[in-house]
Amino acid sequence: MSATGTDIAGWNSKALDEILSNDAGRPVLFTNARILTMDPLIGTMTGADILFVGSLIVAVGPSLFTAAEDDNAIVVDSTGMTIVPAVVDAVALAGGRGERSEHLATLTPGNTSDLLVVPDALAADVQSGLAALMSRPEEVRALVAAGRPVLWAGSDAPGRPTAPEAGVPASPDLTGSPRVGVWIDQEDFLHQELTADGRYDETRGGRPHAYQGRYWIDGDRIDYLDDLGFWAVGYFRGDELHHVGYVMRLG
């Protein structure tokens, strides 16, 4: 028995299997829950449903069950559960955003389906719900990231993503990468050379070797670790490299 008095093994196990094998884009409906949306217009809803398709929340509110049945939704009975955002906008939580459009990571249609499901007794508010995830993960009914289960019924979900191992990875071999070369900004101030052995060397304003270090590319993101010990980041956008306000192209 769990600390909340309910054996959670097998909680909505059929629904979990359906979500994991969902390659047809079926909607997923968590139904009959208390939902702390963190949206200032919507607020808290009791006996409510949240519907998402893939990584996108499409509806929040009561009486979604019938419509979801029509769309062949996967139904997760969440009676006795509270659903809170799994990613929290701490500024909004503290009342520090003036416009509703500024609120981030709320359980609002159009936002990402990142949500946490815990027993009502463990979630008087968003903060306590998230605290339960940290201190009592065995009580978590579901932790969903962009529509995919991470935790389910107090355990790791099958096939869940795993965090990278701690520590600085080895330098990559980028021989043949189209991103290797000298990147130059529009004002010809910054020259950033990316070499195939995972090293970078910056010339700034004609000053050679202004910054040097290692780099790693993950999709369109590039992370830098300077030899002085600080980290920085940039993003590839088409044939441009954006880094700390500079827009560079291969020279």
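Where is Met-38 found, in terms of strands and loops? That was my way into this one, a predicted model. I found Met-38 in the loop between strand 1 (28-36) and strand 2 (44-53).

**Entry 1: Met-38.** I looked up the backbone angle next. Phi of Met-38 is near 65°, a positive value, and the residue is not a glycine. Then I checked the cover: Met-38 counts as buried because its relative accessibility is 15%, and the cut-off for buried is under 20%.

**Entry 2: Ala-153.** Ala-153 lies in the loop between strand 8 (148-152) and strand 9 (155-156). Buried or exposed, at 15% relative accessibility? Ala-153 counts as buried, since the limit is under 20%.

**Entry 3: strands 12 and 13.** I moved on to the hairpins. Strand 12 (residues 199-204) and strand 13 (residues 207-218) run antiparallel, with five bridges joining them. I looked for a facing pair and noted Arg-199 opposite Arg-214 in strand 13. Two residues sit between the strands of this hairpin, and Gly-205 takes a positive phi near 55° there.

**Entry 4: strands 13 and 14.** How many bridges pair strand 13 with strand 14? I have six, in the antiparallel sense, with strand 14 covering residues 221-226. Across this pairing, Gly-213 stands opposite Asp-226 in strand 14. The hairpin of strand 13 and strand 14 also has two residues between its strands, and Gly-219 in the turn shows a positive phi of about 65°.

**Entry 5: the whole protein.** I zoomed out and noted four helices and 17 strands. The radius of gyration is 23 Å, well over the 18 Å that the globule rule gives for 251 residues, so the protein is more spread out than a compact globule. Along the principal axes, the C-alpha atoms fill a box of roughly 65 × 40 × 35 Å. I also looked up the burial: 40% of the 251 residues count as buried.

**Entry 6: contacts and surface.** Among contacts with a separation of 6 or more, 53% are between residues 24 or more positions apart. The accessible surface comes to about 13000 Å², and carbon and sulfur atoms hold 53% of that.

**Entry 7: charges.** I noted 17 positive and 35 negative side chains. How far apart do the centres of the two sets lie? The answer I wrote down is 2 Å.

Notes
Residues are numbered from 1 along each chain as its sequence is written. This is a predicted model: local features need pLDDT of at least 70, side-chain atom pairs count only at pLDDT 80 or more; totals for chains, interfaces and linings use all residues. Side-chain values use heavy atoms; hydrogens and water are left out. Two strands pair if DSSP finds at least two bridges between them. The radius of gyration is taken over C-alpha atoms; the globule rule is 2.2 Å times the number of residues to the power 0.38. Buried means under 20% relative accessible area, exposed over 50%, partly exposed in between (1.4 Å probe, protein chains only). Contact means heavy atoms within 4.5 Å. Accessible areas come from the Shrake-Rupley method with a 1.4 Å probe; for residues, only the protein chains shown count as cover. Lys and Arg count as positive and Asp and Glu as negative; His and the chain ends are not counted. The place of a charge is taken as NZ of Lys, CZ of Arg, CG of Asp or CD of Glu.
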